[in-house]
Amino acid sequence: SRSGGSWLMGILMCLLLWGSPGAWASYLRRSSSCTSIPDRMALCYNIGYSEMRIPNMLEHETMTEVIQQSSSWLPLLARECHPDARIFLCSLFAPICLDRVIFPCRSLCEAVKRSCAPVMACYGYPWPEILNCNKFPADHELCIAAVSTDENSSSRRMPRASCKDCELEEASTAREILENLCANDFAVKIRILRKNMTTTISDFDLDPGRVEVLKHGPLLRTEIPARLQQWLDIDATCVHNIMRGTHAGVFVISGEVQSDKVVVNKAYAWQKKNRNLHQAVRRWKHHRCPEQAG
């Protein structure tokens, strides 16, 4: 969703209404019942268990209220800010129906917050106090732990969603593309491969044999493949939008270098019909940017 402020405001409203310090203690004292998770509850349906407690840990009294409030978080999951975000949210919206209440572990909350709070901050909203991770039990207690961790992710950093929704650009004119290449730090023609189509977080690989450097800027040519693979690993939302559900594709991308990472600003699909893009790439070898002309 591009109107990020509206859904985030909805999230904060439903959480802040449940903001008293004794809310969880109150929940523990109240009677609750078990009910099936309906398929209309997209956030938590088919999460791995079939029954939930109601009222839930957010004191939603009816299933209608649960469905309505939980749906506000779906855009955050679509941003793929953390692979365990759904588990964490469902532990609150649809607590598993066991003999005792099981809270999410503090480490699970902290991991999700690290990756997802910056997405909320993009729109000017802080991580809600009601989700203060210090309120959750430590890992040595009985609680719902993280599934994906830095230790078991093959040293791959958790994907982070960027504030800007990058999309494929229309190659309007060759001149406009050349101006874009001049304005950015680097420009490359690359082939991207999708490693899987089943998990929530898609894995992408750079085809090392299909990297054509048009402009390296402050980067060394030898380090560009590694930097681009890092971008594929941590900016899942951007890459997902560019790939548009395909298994593989060739793209011309350009962007800027920001400290220890690269940020992609523009992406064009390398296709036969994009004649302006083909023309711009051919002309680039002999093109002089305005700052170079003098």
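Trainee: Which hand does the link of Cys44 and Cys90 have?
Mentor: The link of Cys44 and Cys90 is left-handed, with -105° about the S-S bond. Keep in mind that this is a predicted model, where local features need pLDDT of at least 70, side-chain atom pairs count only at pLDDT 80 or more, and totals for chains, interfaces and linings use all residues. Residues are numbered from 1 along each chain as its sequence is written, and side-chain values use heavy atoms, with hydrogens and water left out.

Trainee: What is the S to S distance for Cys44 and Cys90?
Mentor: 2.0 Å, and the two are joined by a disulfide. That term means a pair of cysteine sulfur atoms within 2.5 Å.

Trainee: Where do Cys44 and Cys90 sit in the chain?
Mentor: In distant parts of the chain, 46 residues apart. Cys44 is in the loop between β1 (33-36) and β2 (51-54), while Cys90 is in helix α5. Helices (H or I, at least four residues) and strands (E, at least two) are DSSP runs, numbered from the N terminus.

Trainee: Buried or exposed, Cys44 and Cys90?
Mentor: Both Cys44 and Cys90 are buried. Buried is under 20% relative accessible area, exposed is over 50%, and partly exposed is in between (1.4 Å probe, protein chains only).

Trainee: And why is helix α5 largely enclosed?
Mentor: Count its buried residues. Seven of the nine residues in α5 (85-93) are buried, so the rest of the structure largely encloses this helix.

Trainee: Which residues of α5 are buried?
Mentor: Ala85, Phe88, Leu89, Cys90, Ser91, Leu92 and Phe93.

Trainee: Back to disulfides. How many does a search of the whole structure find?
Mentor: Five. Another pair to look at is Cys109 and Cys133, with sulfur atoms 2.1 Å apart. Its S-S torsion is about -75°, so that disulfide is left-handed. Cys109 lies in helix α6 (residues 106-122) and Cys133 in the loop between α6 and α7 (174-183), so the pair ties together parts 24 residues apart in sequence. Cys109 and Cys133 are both buried.

Trainee: What about Cys182, what is it joined to?
Mentor: A disulfide joins Cys182 to Cys289, S to S 2.0 Å. Cys182 lies in helix α7 and Cys289 in the loop between α10 (275-284) and α11 (290-293), so parts 107 residues apart in sequence are tied together. The link of Cys182 and Cys289 is left-handed, at -85° about the S-S bond.

Trainee: What relative accessibility does Cys182 have?
Mentor: 10%, so Cys182 counts as buried. Cys289 is buried too, with a relative accessible area of 2%.
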